[in-house]
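Student: I have a structure open and would like to go through it with you. Could we take it one question at a time?
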Amino acid sequence: MSAIAAPGAGTGLEPLGLWARLSSGRTLPVLSILLVLIAIWYVAAFSLNAPFQRRLDGESAPGGTLAFVERTLNQAKPTLPSPHQVAQNVLENTFLRKVTSNRSLVYHAGVTLSSTVLGFVLGTTLGILIAVGIVHVVTLERSLMPWIIASQTVPILAVAPMIIVVLAAVGITGLLPKALISTYLSFFPVTVGMVKGLRSPETNHLDLMHTYNASPAQTFWKLRLPASVPFLFASMKVAVAASLVGAIVGELPTGAVAGIGAKLLSGAYYSQTVDMWAALVAGSVVAALLVTLVGIASRVVERAMGARPA
Amino acid sequence: MDRSLKLLSFSAAMNVIASPLKPADVVPRPSGASVVEARGLGLTFKTNDGPVQALTDVNLSIGKGEFVSFIGPSGCGKTTFLRVIADLERPTAGTIHVNGMTPEQAREARAYGYVFQAAALYPWRTIEHNVALPLEIMGIGKAEREERIKRTLALVNLSGFEKKFPWQLSGGMQQRASIARALAFDADLLLMDEPFGALDEIVRDHLNEQLLQLWARTNKTICFVTHSIPEAVYLSTRIVVMSPRPGRVTDVIESTLPHERPLDIRETPEFLAIAHRVREGLRAGHSYD
Amino acid sequence: MRLRFAWQPVLALALLILASFFPSMTMGALDAEANPTATVQVPFDGTSTLISLLLAAGAILSLVRLPKTAEALILLVASFGAAWMLVSGISGAEGSALAPFFLKLAASWFLAWRAASVLSNLSPISASARTLLRLLVPALFGAWVLILWEAIVRGAGVPFILLPPPSAIGLRLVSSVPTLWADVNQTIFKSVIAGYVAGCGLGFGAAVLADRYGFLRRGLLPIGNMVSALPIIGVAPILVNLLGFDWQSKAAVVIVMTFFPMLVNTIAGLSASGHMERDLMRTYASNYWQTLLKLRLPAAMPFIFNALKINSTLALIGAIVAEFFGTPVVGMGFRISTEVGRMNIDMVWAEIAVAALVGSLFYGGLALAERAVTFWHPSVRGG
């Protein structure tokens, strides 16, 4: 109740200043918190890297404090790289390299993206099919649903390296094993969301279909499926993020060939901290991109189905 | 019963109808004695579709021990007026005093109990702990809390349900518990916003009867928002008729019904005459749209 | 005699008839027939017919109109009896199963399926019987996953490295309790608990602060929502690099992973109380902390428990994956990655089973606590 939290705020009689208008929106708060985070990052980077820099400089430290700070924040293999080093690395490896280059982040992101998308599509399909089964067959609901819920409590990612190595042992390598891990991670949210969605029609609407003597198939296509669409998209947003995590973790045990996960691992192996941070940034960009795409698709579909634009 | 029927006379009812009452500026009372005193009160909400005048130029004075009903179609500002008294909204024009204080001071002095449209009981608290909620907040000791819970639950006929959770009771019982909660801290003013609006007719009749008995016993001042004409006429000593766009008072009707009112008073000519006048007032407020 | 048709027993009978056209269930039995003088132990010597008879009897009896519980009981006895004989018969003759073995296995599975579907459609009056059924049907499913896994892996002779049978995993689990316990101790009791408590606590504290200061909330909420979609697990190698190999770096990963779900959920929960309830507190002139303690925190509890449940899984995942990047030579993630490298797949499965058990116990404990705290919520009281 904002009218109560800020007396007179709803009346419009109190003239709002520029500052008040900015801070009551989201942009300014988000930006200032990000700025604070970056400042903390710089301080942390300096204090973590300084001891090594002191040892590096030895007795003959050239220049004053400012020069020391500058050197500390620009080490080649810092304990904690500073934000501008990460930004520079990301920009260099995204825009200045050929896409085919092994150092190009676009290349690695593309590798991860392809298995993410394959796994996501498989997982979503599987999730929808299981949900349809659960909603229509009592035996399936009673037998499967508890296990699907329980499977959420299991740290599934722990299986990832085994799946990769075992499948490699029988000659299956490349995209598919990673995609399978993504599938496993993404089917769960879709199943749960779709079961909820397919069950979401009100009793009134179901009774109406009943009075028309509609067949289960008709009820499904004309009522349950359209009603489940918002639930499907909400769970797809979760699933696509989970799918990306699956793909990244799936890349860890492959011997670090390609992909964002591989980049992280090789960075850890050679202490290329800047590369690791850059890979993390690349992963985040991919995640944001995927979730945004699903969000756009959801808005387009829901608007086509007559939902009020939010 | 007989006595109250004897008191009724058709001519008295006619008198009420004939008495020349001007809207809005009627019943000026000395402000020292009044519990609620509004002068030129106005409230404008700013919405996306432009400003909405929820209240304009409301002048009203409510004396101690009165039972005042506010009636009108939705959007007429009756609930808004109650919320202004309770300091849940701030007026944008005019003045209002509650017990001679500003609404904010009155709220901080815990001058009134508020009963909402829904019971709004906390589902994680038992009935007795719900009634204890305001007492805890106001820092009243445990022994006295228990004594007051006992007393107020008896007042609304809920003794024996202390340990139940709200969701284990019927809608009518829940609303009674919420009235007990509003009574628990002994404020002299009771603000009730369509408290029986969500209940069915039979339960509502029953609670109306009980509310009148409670009012007679406790001598509280009650402001009661409703959209039911019979409810307003049955309960009130005074009925404030309001109309929307802009929200304003169009008529104030003094009830001539006796203090003691059995349910079947609603079939007497006097009752019907007052109800007729309320209906006329409501219609007049609508005449130009 | 009146019959009640169901497709599973009929299909099972068809499979049994099909199986009867084959002379033998295993290659060993085939050899024995070809060479009667040899004194080798023949798999399914005698039990082959018994299995078929048991299954056929179960299938036919189930088609008769019997009380539902009797039907279910007959089906369960037949399917489990046949499955037990199939699994015990094939041990020692792994990889030698022929078509009839799988046909009979499928037949017994269909009978179990029929049993599950009969049980699912029962609606007993007593509450305890309903609870029993709610547990029994999924337990049946779980048991049959294990039976099919065991029988197929043994019957088809799936390489041990690819997929060990559950019995081997069970044996491995029992024989390496000390190792597993040391791993659990390192991963769960050091990294996960410390990180979980700190991460959830910090998230909660930040949410209360954000709730008090609108500026902070408007800034943190979009960031929190965005971060929850990011592959945060990627900070694992970075933090291991930064904080060293011992449990502190794992706990740090867990903190980062659990902080944002708690923050976002608690902020949502703190605004979950209704307008009317908050107006009520205002009419009491209740101060911020009184409103927080008496109204908004209790109302936020379902959200907070949701975050606690999400975080219990995330914490385990975070700690285990962080151990892939380096640990002292103990820990669940360490064990999984090294045993995978040595192709000791049964040990990996044992470790995963333990992780699943711990995860479920943790989750179950939280669910019980949730029921106790949010007993009033419609989703718990079933209203």
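Student: What is the mean pLDDT of chain A, and what share of its residues reach 70 or more?

Tutor: Good place to start, since this is a predicted model. Chain A has a mean pLDDT of 80, and 88% of its residues reach 70 or more.

Student: Where in chain A is confidence lowest, and where is it highest?

Tutor: Helix H1 (residues 2-5) of chain A has the lowest confidence, with a mean of 35, while helix H6 (residues 105-136) of chain A has the highest, at 90. Residues 1-15 of chain A have pLDDT below 50, although the model gives this stretch 23 contacts beyond near neighbours in sequence. Where pLDDT is low, the predicted coordinates should not be read in detail.

Student: How many residues do chain C and chain A bring to their contact?

Tutor: Chain C brings 50 residues and chain A brings 52. On the chain C side, H15(C) gives the largest share, eight residues. By class, that side of chain C has 34 nonpolar, 12 polar and four charged residues.

Student: What makes a residue there count as nonpolar or charged?

Tutor: Its type decides: Asp, Glu, Lys and Arg count as charged, whereas Leu and Phe are among the nonpolar ones.

Student: Which domains make up chain B?

Tutor: Chain B is divided into domain 1 (1-11 + 25-111 + 188-198 + 209-289) and domain 2 (119-186). Their C-alpha centres lie 26 Å apart.

Student: How do you know that the two domains of chain B are in contact?

Tutor: The test is C-beta atoms within 7 Å. Seven residues of domain 1 of chain B are in contact with seven residues of domain 2 of chain B, so the two domains of chain B do touch by that cut-off.

Definitions and conventions. Residues are numbered from 1 along each chain as its sequence is written. Chains are lettered from A and ligands numbered from 1 in the order in which they are written. This is a predicted model: local features need pLDDT of at least 70, side-chain atom pairs count only at pLDDT 80 or more; totals for chains, interfaces and linings use all residues. pLDDT is the predictor's confidence in each residue, from 0 to 100. Helices (H or I, at least four residues) and strands (E, at least two) are DSSP runs, numbered from the N terminus. Domain bounds come from an automatic or database domain assignment.
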